[in-house]
Amino acid sequence: MAEAPKYEMPKAYEPGKVEQKWYKFWLDKGYFAPKIDPKKKPFVIIMPPPNVTGELHIGHALTATLEDIMTRWHRMKGEPTLWLPGVDHAGIAAQVVVEQLLAEEGRDRHQLGREKFIERMRQWAEKCRTTIAEQHQRLGVSCDWSRERFTLDEGPSRAVRTAFVRLYDKGLIYRGERIINWCPRCATALSDLEVDHKEVTGHLYYVRYPLEGDKEFITVATTRPETILGDTAVAVNPRDKRFKAMLGKKVVLPAVNRVIPIIADEAVDPDFGTGAVKITPAHDPVDFDIAQRQGLPLVNILNLDVTMNENAGPYAGLDRFDCRRAILADLERNGLLVKVEPYTHSVGHCDRCQVVIEPLASKQWFINTQPLAQAAIKAVLDRRIAIIPPRFTKVYLNWMENIRDWCISRQLWWGHRIPVWYCRDCGEVTVAIDQPKSCRHCASASIEQDPDVLDTWFSSALWTHSTLGWPDETQELAYFYPTTVMETGYDILFFWVARMVMMGLEDTGDIPFGTVYLHGLVRDEKGEKMSKLKGNVLNPIDTLEKYGTDALRFALSTDISPGNDIKMTAPRLEAGRNFANKLWNATRFVVRSLEPEGTDMKIQRDELPVEDRWILSRLSGTVSTVTRLMDNFQFGEAQRQLHDFLWGEFCDWYIEFAKIRLSSGEVPSPVPVLVYVLETSLRLLHPFMPFVTEELWQNLKQRLPPDWQATESIMLAAYPEADETAIDPQAERVMESIIEIIHSIRNARAQYKVESNRWVEAQVYAGELTPAITPYSPAIQTLARARPVTFLARREGAPPGENILALVLKDAEVFIPMESMVDLQAERERLQEEIEQSQAEVARLEARLKDKAFLTKAPPSVVDKERDKLAVRKDKLERLKQQLGRFD
Ligand SMILES: [Zn+2]
Ligand SMILES: [Zn+2]
C-alpha cells in the first residue's frame, strides 16, 4: 500500500492559514473538556468573565494568554484540567452602553418600559457574548466551551437569590438609611469602590452663622455651600478652648432661618477651616456618623435628579450647582460670606460616566461585611490562599480590616432583581428564593417585588461556585471546587477577588481558590494607560491578524512578572513573529534532513560527539529551569529561557554544527538528536505558542516512525520532564569554549571591518581543553571564516610581537595576526594620511590660540571652545600614532 504523500512545508510561516484549522481540530476533538477522574487532583481556573459591553481589549488578551499557558501546561502534565469561560452582565456598565444606543435613536429606557428595555439588553448581551467567544477562540484559548456561563443564566441567578436569602436569614443583609454615593446621571446608588476620587481645584467658603438672640457669629468653612440648607448642627472639638463659651448656644441657619445647636464632637478636626464645622448628616458620611452619635435629625435637601427639594426653601427646584451660585450671592449680599479661598480637595466621580456623585442618605440594601471579612482574613493569614505577588497580601488584609458595609442595591433595570417582596397590607417584607404567592406574615396576596437590582459584583462574588452548580451539590462542585488559581488584574483585587473569598467561604465553607495570581496592566509604548479617549488602544484582533496569534501571545508574556505593568510595543510583537519564523525555518531544516526515509531515530548515547551531549544537556537544563519557573508563576522568565535556548543555542549553534556534519557525511548522524531536541522543545513551548508548535509538530510527526508519538495532537502529548542522565557539565564547558572562540574571531572581524570573503588566521591556546577542542578545528574554520586554525601546545608558544591581536577568553586564548585581517601596507598609508591631517589641524588651532587679536576680540566662550577643540585633536593624534606604531 502506498503511503499518503507528505506535503511539503511552505517556505514561510503564514499564521492565518494555520490557526483556525488547528483551533477547529482541537474543538471538534473535544480536547478542551476535562474528564473527571476521582483518582487525580484537577487543575481548575474559572475565567474572569468579560463584561458584555463590547469587544475584548488587550487586557483580556493578556488574561487569556496567561490562563491558557497554565491550562495547557497542566493538561499536558496529565491533570484533569478545567478552564471555565463565561461573560458578565456588567450591570451599570452595560446598561450605560445600551442607553447610549437608545439615545442615538432619540429614545430612552423609560419610553421603552422595563420589560422591553430588558429584552433589548438581552439581545445586546447575546451579541457581545458571541463576539467575545469568537475573539477568545482567535486567541487560542483552550477553555471548555460546553460549560460556558453567563451571570444572568438561570443557574447563576438562582445562586444569587439563594446567597441573598441565606445572608438575610443570618441577619447579614439589612435595609437601612445610610449615606450612599448617588450618581445623578446613572440614577443609582454606587458602592464606595465604584467612585473615582479626583483632586479638584475648588473653593473653600467661610460663612458666618448668626448666634440666636445675639449679635455674635460663628464662622464655618465649606466646599459645598448649598449643603448649608441641610445642616442640623455646628460642631467643634470638645478640647478646643476657642469655642468653650459657645457650646450649648444655638445659631440661625442663613437663608432658611432654621435654628440649630452648637455641639461638641471628638471627630471635629480643630485645624480645618475655623475649627467649627457645619454638620450635614444627610449629605456627608462623616456627618452622618456624628448625627447618629448625637441624635441629630437628617434633613435631605436633594431630589434624586440632584435638584433641590422642598427642604431647600426658596431654592427648591434649582439644580445643585445653580443653587450653589444663588446661595453664595445671597450670603454675600447679607454680609455673611467672610472670605473665599482656592482649595484643592478630593471629589467623587461616577467611575462609569464621570459625573460628580452626590453623597446622600438613602434607604438601600447593605451587607454587613465585617463577619465575612474575618473569615477572609483568616484564610489568607493561614496560608490557605496565597496571593502572587506577595506584596498584595498586605493590601488585601488592610482593605479587609477596614471594610465598610457594602451597598448592594442599584436603581437599575439590568441585573438580578432583589428577591424581596413588600406587603401592601401589613407592610412586612418577604424574602424568598422563588417568587412567593403571598406575604409570609399576613398571607395577603397584595405583594410587590423591590424594583431594584443587585450590584453586578454580587453575582461576580459567587462566580467560582455558582458556575459549578452551587447551591446544588453537583458532581462538578464536589470535584472542581475549590478551584486552583484565580488569575486576574490587580485593579479588581477589592471589587472581585476579596468578595469572592468572602462569599466563597460563606456559601460553601471552603476557600474559592488556593492561589490568586495578579497581573499588571498593559500600557502603550510610552507607558501610558490605554484608553479610547487617548486613541492609543491596541485591538487584539487587528494585532493578531497582523503578526499572528502566537506573536501576540509571545509579546504579552515576554518579560512579564506578576503584579507589574507591561508596555506593549511594536518591537515586542516583531520579536514574537521573528521567533515563530525562526522555529519554522529550523523545523524545515530538520524535516528536510529526515530525507531519505528510514533514518534510524534511536540516539546511541555512548558514541555521541560533544555537541550532541552539549545540546542534550542544555535541553535537560532548560526543561528543569522552565518547570521550576512555571511552578513559581514566572511565565515571562520561563518563556525567555525557552526562547534563548531555542534561538541562541539550538538554532544558532547546534543546527550549524549539524549542517557541517551532514554535509561531511560523518557518523553518527546528528538527525536523531536534531529531531529529539526539536520535538521536546516544541512540547515545552506549546503552552506559550500553541498554533505554530502544533503545525510544526504535526509536520515533524508525519515523517517519523509510528512509535515515536502516540498522541494525535501536541496538546495531548506529555509535558517534557528533565532527563537528569543527560546533564553533562564537561560537554557544556567544551562547547561553550568552542562557541566563545568562534564568537571572539567573529567580533574581531567585525571590529576591523574584515570583508566577508576574506579568511583570517587564528591560533588557539585552549589549555587542558585542547584535546577536546582540536577536533572542532574544521567547524571553527567554517563558522568563523578562519584558516588555518592552529592549536598551540603551550601558552609560551604564542607568537610574540605587536602585530598580533590577543583575545583572552574564559577557557582559552585566541591570537589573530593583524595582517591576516587588514592589508598592512594600505593600513599604514591610511593612518599616515590621517596623522598628517590631524597635525595640520593641531597646528592651525595652536596658531589661532597664540593670536593676540583673536584672544582679545573673541568672547571668552569662543576661546574656550577652540581650546577644547585643540585638546580633542591632540588626543586623537596621539592615538593615531599609537596605532601606526603597532605596524612597525
Ligand atoms: Zn454615572
Ligand atoms: Zn403582609
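**Exercise 1.** Which residues does isoleucine 745 touch, not counting residues up to four places away in sequence?

*Solution.* This is a predicted model, in which local features need pLDDT of at least 70, side-chain atom pairs count only at pLDDT 80 or more, and totals for chains, interfaces and linings use all residues. Residues are numbered from 1 along each chain as its sequence is written, chains are lettered from A and ligands numbered from 1 in the order in which they are written, and side-chain values use heavy atoms, with hydrogens and water left out.

Step 1. Contact means heavy atoms within 4.5 Å.
Step 2. With residues up to four places away in sequence left aside, isoleucine 745 touches Val760, Ala762, Ile780, Ala784, Ala786, Val814 and Ile816.

**Exercise 2.** Describe the nonpolar cores.

*Solution.* Step 1. A nonpolar core is a set of buried Ala, Val, Leu, Ile, Met, Phe, Trp, Tyr and Cys residues joined through side-chain atoms within 4.5 Å. Buried means under 20% relative accessible area, exposed over 50%, and partly exposed in between (1.4 Å probe, protein chains only).
Step 1. The largest nonpolar core has 151 residues, and Phe650 and Ile745 have the most contacts inside it.
Step 2. Helix H19 (residues 635–664) gives this core its largest share, twelve residues. Helices (H or I, at least four residues) and strands (E, at least two) are DSSP runs, numbered from the N terminus.
Step 3. A second, separate core has 63 residues, including Ala159, Leu172, Ile173 and Leu454.

**Exercise 3.** How are the rings of tryptophan 26 and phenylalanine 691 arranged?

*Solution.* Step 1. Rings of Phe, Tyr and Trp (its six-membered ring) pair if their centres lie within 6.5 Å; planes under 30 degrees apart count as stacked, over 60 as edge-to-face and the rest as tilted. By this rule the count is 23 aromatic pairs.
Step 1. The ring centres of tryptophan 26 and phenylalanine 691 are 5.3 Å apart and the planes stand at 20°, so the pair is stacked.
Step 2. Tryptophan 26 lies in helix H1 (residues 15–29) and phenylalanine 691 in helix H21 (residues 690–701), so the pair ties together parts that are 665 residues apart in sequence.
Step 3. Tryptophan 26 is buried at 0% relative accessibility, and phenylalanine 691 is buried with a relative accessible area of 1%.
Step 4. Ring pairs link Tyr23, Trp26, Phe32 and Phe691 into a cluster.

**Exercise 4.** In what order do the four strands of the open sheet stand?

*Solution.* Step 1. The order is E10-E11-E9-E12, with mixed pairing. Two strands pair if DSSP finds at least two bridges between them.
Step 1. Strand E10 (250–252) and strand E12 (276–279) are the edge strands, each pairing on one side only.
Step 2. Strand E9 (residues 233–236) pairs with E12 in the antiparallel sense over four bridges, and alanine 233 stands opposite isoleucine 279 in E12.

**Exercise 5.** Where is the cis peptide bond next to proline 389?

*Solution.* Step 1. The cis bond joins isoleucine 388 and proline 389, with omega about 0°.
Step 1. Proline 389 lies in the loop between strand E15 (386–388) and helix H10 (391–401).
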